Amino acid sequence: MDFKVTNKSKGENSKQYTYRVLKDNIMNLSLEPGATISEIEISQALNVSRTPVREAIVKLKEEKLINVFPQKGSIVSKMNLKLIEEAAFLREICDKEMLKIVCSRKNKDFLIKELRKNLEYQKIIVDYEEDSYEFFRLDNKFHEIIYEFCNKLNIWKAIKRLSTHYDRLRLFDVFEKMNLKEILAQHEKIIEILEKGKFEDIDKIVMEHLFNFKEVLGIFIEKCPDYFEE
């Protein structure tokens, strides 16, 4: 089990800590799709009792990241292509609406500033080949900033709960470094659209940005067929 342990965050209890670390390991593929989850090994690695491990497993089962089988135990779910498509579909609808809301507003200077700051950090990671997981986090934050500006942060949180399989595929893409330059260019284009109020370009950029994975999905399936399921 290639399980990566990080330190507790300030104010984080054992339940929150166990859930966060376990989920991070699943999302970044340290715990590969199809891997067996050992409650004993995780509790020892994190120096917690088995209770928060079991609670984390229940929560991750609800997020469709873990499958629990009688007699067999807990197994990391494979990336489900149907769930990936559904999440991308949901993001497509919501992202288009968020960009339209921003384009219709006049006072958006602070938003543009925050997006550009975020994008500069993304560029640093790509240019210096820094932590890929941090790039993924910044990518998510870029879009969260837009939802928050539109006063729709709860919608963003709901989307993230339903996008675990889509996000795992995006992380796979980030780790393989196949689309990073395209993602940066698309984020730059999104900022330009918002800055200039170019409603007519919204549909195209959202489709391009959210469906980057389709260009390389076949490569990923061929490379790691055991990671995926219909």
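Helix H4 makes the greatest contribution to the lining of the second largest pocket, giving 4 residues. The structure is a predicted model, in which local features need a pLDDT of at least 70 and side-chain atom pairs count only at pLDDT 80 or more, while totals for chains, interfaces and linings use all residues. Residues are numbered from 1 along each chain as its sequence is written, and side-chain values use heavy atoms, with hydrogens and water left out.

The second largest pocket holds about 250 Å³ of space, and among the 14 residues that line it, Glu63, Lys64, Arg161, Leu162 and Ser163 are the closest to its centre. Two or more residues of this lining are given by each of H3, helix H4 (81-103) and H8, where helices (H or I, at least four residues) and strands (E, at least two) are DSSP runs numbered from the N terminus. A pocket is here an open set of points on a 1 Å grid over the protein atoms alone, where a 1.4 Å probe fits and protein lies on both sides within 12 Å along at least five of seven lines, and its lining residues have an atom within 4 Å of a point. By class, the lining of the second largest pocket comprises 5 nonpolar, 3 polar and 6 charged residues, with Ala, Val, Leu, Ile, Met, Phe, Trp, Tyr, Cys and Pro counted as nonpolar, Asp, Glu, Lys and Arg as charged, and the others, Gly among them, as polar.

The largest pocket contains about 770 Å³ of space, a volume being the space filled by probe spheres set on grid points that are joined across faces, edges and corners. Its lining consists of 23 residues, and Lys23, Asp24, Tyr133, Asn140 and Lys160 lie nearest its centre. Helix H1 (14-27), helix H3 (50-62), helix H6 (132-149), helix H7 (153-161) and helix H8 (164-176) each give two or more residues to this lining, and the largest share, 7 residues, comes from H1. The lining of the largest pocket has 14 charged residues, together with 6 nonpolar and 3 polar ones.

Ile101 is placed in helix H4, and it counts as partly exposed because its relative accessibility is 24%, a class that lies between buried (under 20% relative accessible area) and exposed (over 50%), with a 1.4 Å probe and protein chains only. Although Ile101 and Phe199 are 98 residues apart in sequence, their C-alpha atoms are 9.8 Å apart in space.

Strand S2 (residues 66-69) and strand S3 (residues 73-76) pair in the antiparallel sense over 4 bridges, pairing being assigned if DSSP finds at least two bridges between two strands. Phe69 stands opposite Gly73 in S3, and in the hairpin of S2 and S3, with 3 residues between the strands, Gln71 adopts a positive phi near 75 degrees.
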